[in-house]
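Morning, everyone. Please look at the screen, and I will walk you through one chain.

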Amino acid sequence: MSFLYFSKDCTRAAEQLKNNPRHKSYLEQVSLRQLEKLFSFLRGYLSGQSLAETIEQIRRETTIDPEEDLNKLDDKELAKRKSIMDELFEKNQKKKDDPNFVYDIEVEFPQDEQLQSCGWDTESADEF
């Protein structure tokens, strides 16, 4: 695999490596995201970036900016962001087998302040 190949698309290079029959049995337990990061590190090294620069670039590419307007992204970038969100959800999800899992959690919220009403919830249905 040449530098030119994965310098453009680390995702495709990672997919091809993971799906290669020669390597498939060795890489079954390795996530696609980990392989992408590995290729990103290699890309950074081969392009002359320092380790700190490469880590910062990977951090920017693998985190979601809450202020970013996802409606303005193309399909490929949007799919990448969704993949990151899915991975984060899976990582933080509590499952039945987890020791701290509680099935039905009820929370009482303090009513110290006066409730604020909104204009949309006070209008009648006749106005539609």
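This is a predicted model: local features need pLDDT of at least 70, side-chain atom pairs count only at pLDDT 80 or more; totals for chains, interfaces and linings use all residues.

Read along the sequence, the pattern is α-α-α-α-α-α.

How much of the chain is buried? The chain has 128 residues, and 16% of them are buried. The exposed surface comes to about 11,300 Å². Carbon and sulfur atoms supply 51% of that area.

Now contacts along the sequence. Take the contacts between residues at least 6 apart in sequence. Of those, 32% join residues at least 24 apart.

Next, the core. In soluble globular proteins, nonpolar side chains tend to be buried together. Which residues make up the largest nonpolar core here? There are 7 residues in all: Cys10, Ala13, Ala14, Leu17, Leu27, Leu35 and Phe39. The largest share comes from H2, with 4 residues.

Let's stay with that pair. How do H2 and H4 cross? Their axes come within 8 Å, and the crossing angle is roughly 125°. That angle makes H2 oblique to H4. The crossing is right-handed. Who makes the contact? On the H2 side, the residues are Cys10, Thr11, Ala13, Ala14, Glu15, Leu17 and Lys18. On the H4 side, they are Leu32, Leu35, Glu36, Phe39, Ser40 and Arg43.

Is Arg12 buried, exposed or partly exposed? Its relative accessible area is 42%, so Arg12 counts as partly exposed. Now pair Arg12 with Glu36. In sequence, they are 24 residues apart. In space, their C-alpha atoms are 8.6 Å apart.

On to the second pair, H4 and H5. These axes come within 9 Å and cross at roughly 140°. H4 and H5 are therefore oblique to each other. This crossing is right-handed. From H4, the contact uses Lys37, Ser40, Phe41, Arg43 and Gly44. From H5, it uses Leu51, Thr54, Ile55, Gln57, Ile58, Glu61 and Thr62.

Last stop: Gln57. Where is Gln57? It lies in helix H5, residues 51-62. Is it buried or exposed? Its relative accessibility is 19%, so Gln57 counts as buried; the cut-off for buried is under 20%. What does Gln57 touch, if we leave aside neighbours within four places in sequence? Gln57 is in contact with Arg43 and Gln49.

To recap: H4 crosses H2 at roughly 125°, and H4 crosses H5 at roughly 140°. That's my tour.

Terms used. Residues are numbered from 1 along each chain as its sequence is written. Side-chain values use heavy atoms; hydrogens and water are left out. Helices (H or I, at least four residues) and strands (E, at least two) are DSSP runs, numbered from the N terminus. Buried means under 20% relative accessible area, exposed over 50%, partly exposed in between (1.4 Å probe, protein chains only). Contact means heavy atoms within 4.5 Å. Accessible areas come from the Shrake-Rupley method with a 1.4 Å probe; for residues, only the protein chains shown count as cover. A nonpolar core is a set of buried Ala, Val, Leu, Ile, Met, Phe, Trp, Tyr and Cys residues joined through side-chain atoms within 4.5 Å. Axes are lines fitted to C-alpha atoms, for helices over the stretch in contact, and angles run from 0 to 180 degrees between N-to-C directions. Angles under 35 degrees count as roughly parallel, over 145 as roughly antiparallel, 65 to 115 as roughly perpendicular and the rest as oblique. A crossing is left-handed if the near helix is turned anticlockwise from the far one by less than a right angle, and right-handed if clockwise.
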